[in-house]
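Welcome! Let us take a friendly walk through this structure, beginning with a single residue and then stepping back to the whole chain.

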Amino acid sequence: MEIVLIGFMGSGKTTISQLLGKILAKPVVDLDQAIVKQAGSEITEIFNRHGEQYFRQLEHDSLKRIITESGILATGGGTPLRADNAEILATSGAKVILLEASGETILERLKTDCSRPLAKQMAKQQLLALKQARQSHYQQCADLTIQTDKLTPKEVVAKILASLETVV
Ligand code: S3P
């Protein structure tokens, strides 16, 4: 992968990866979707049937395989937390971009979402605490951080393109 997007649930990884893929004419892989395809079940179903640890192993296995492909990868919100995943990202040669959004923005975006098992089962304060607890992991993995709250998807992509000028 040449570009990897990381960030909390609802930070815009999927939207931005799609837009970026169109503009750069590069393939886009969504790690969650790759897991769903491989497992033949939705993320919620995987969590319900087998638990989070099982999902995390599928996530790790998929990351290890997909990172060697060419293109843009949108990770899951929990991907950078495992040390072995962080290591894969760090040694991949990809530019790792953290999409950051305030707790308020994240809560607003996740309000009506039913597809994320962790978000579904947590109260607002728990979600904010989870975001806070993950922050240092995200930051350690990131080559670039973009604060997205006040930006449109196109503006976020413009910032990414500006940062890539010398590498893409
Ligand atoms: C998760 C985020 C989800 C998905 C799973 C777990 C997390 O991805 O991988 O529900 O632990 O933050 P998105 O960040 O794309 O929602």
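Aspartate 143 sits in the loop between α8 (124-141) and β5 (144-147); helices here are DSSP runs of H or I with at least four residues, strands are runs of E with at least two, and both are numbered from the N terminus. This is a predicted model, in which local features need pLDDT of at least 70 and side-chain atom pairs count only at pLDDT 80 or more, while totals for chains, interfaces and linings use all residues. Residues are numbered from 1 along each chain as its sequence is written, and side-chain values use heavy atoms, with hydrogens and water left out.

Aspartate 143 counts as exposed because its relative accessible area is 52%. The cut-offs are under 20% for buried, over 50% for exposed, and partly exposed in between, using a 1.4 Å probe and protein chains only. Setting aside residues up to four places away in sequence, aspartate 143 touches Ala94, Lys95 and Val96, where contact means heavy atoms within 4.5 Å. Leucine 98 is 45 residues from aspartate 143 along the chain, yet their C-alpha atoms are separated by 7.7 Å.

Beyond its neighbours within four places in sequence, threonine 14 is in contact with Asp30 and Ala74.

Here are the accessibilities of both residues:

| Residue | Relative accessibility | Class |
|---|---|---|
| Aspartate 143 | 52% | exposed |
| Threonine 14 | 41% | partly exposed |

Now for the whole chain. How many helices and strands does the protein chain have? There are 9 helices and 5 strands, and along the sequence they follow the pattern β-α-β-α-α-α-β-α-β-α-α-α-β-α.

The radius of gyration of the protein chain is 15 Å, which agrees with the value near 15 Å for a compact globule of 168 residues; this radius is taken over C-alpha atoms, and the globule rule is 2.2 Å times the number of residues to the power 0.38. Along the principal axes, the C-alpha atoms fill a box of roughly 45 × 35 × 25 Å.

Of the 168 residues in the protein chain, 46% are buried. Among contacts with a separation of 6 or more, 78% join residues 24 or more positions apart.
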